[in-house]
Amino acid sequence: MDIKLTSKDILEKEFKKSVKGYNIDQVDQFLDQIMEDYDNFERVINELKAENERLKEELSGSIRKSSPQPTTSNMNYDILKRVANLEKAVFGDKLKEKL
């Protein structure tokens, strides 16, 4: 969605005058109303963009917080299992002879 006009563009727009033209005051009043709407739309869009960014950050923060952390007892068990496997691989039969 490209916005082609700004409230400043509307304000600075000039129309050529002709004998059978529109009432200049009515055109100016209508353009003033359009400018107010544009300003309100721009304000709402900026507020929504800011809220969207805040919600994205909040969502990404909650995803990081919800990732499960391994418990200490599970980590210890895994470490002990790995150490035992390494000892078997390194020492092999020598470990059995000492027992």
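Modeller: Helices (H or I, at least four residues) and strands (E, at least two) are DSSP runs, numbered from the N terminus. Arg-54 and Glu-58 both lie in helix 2, four residues apart, about one turn of the helix. This is a predicted model: local features need pLDDT of at least 70, side-chain atom pairs count only at pLDDT 80 or more, and totals for chains, interfaces and linings use all residues. Residues are numbered from 1 along each chain as its sequence is written, and side-chain values use heavy atoms, leaving out hydrogens and water.

Biologist: What do the side chains of Arg-54 and Glu-58 meet in?

Modeller: A salt bridge, 3.2 Å from N to O. The term means a side-chain nitrogen of Lys or Arg within 4 Å of a carboxyl oxygen of Asp or Glu.

Biologist: How many salt bridges does that rule give?

Modeller: Two. Glu-47 also forms one with Arg-43, the closest N and O atoms being 3.2 Å apart. Both lie in helix 2 (residues 24-66), four residues apart.

Biologist: How exposed is Glu-47?

Modeller: Partly exposed, with a relative accessible area of 46%. Buried means under 20%, exposed over 50%, partly exposed in between (1.4 Å probe, protein chains only). Arg-43 is partly exposed, at 44%.

Biologist: New topic. Which residues make the nonpolar surface patch?

Modeller: Met-75, Ile-79 and Val-83, covering about 250 Å². Patches take residues with over 30% relative accessible area and no salt bridge; like charges are joined within 9 Å, nonpolar side chains (Val, Leu, Ile, Met, Phe, Trp, Tyr) within 5 Å. Areas come from the Shrake-Rupley method with a 1.4 Å probe; for residues, only the protein chains shown count as cover.

Biologist: Where is Met-75 found?

Modeller: In helix 3 (residues 72-91). Met-75 is partly exposed, at 40% relative accessible area.
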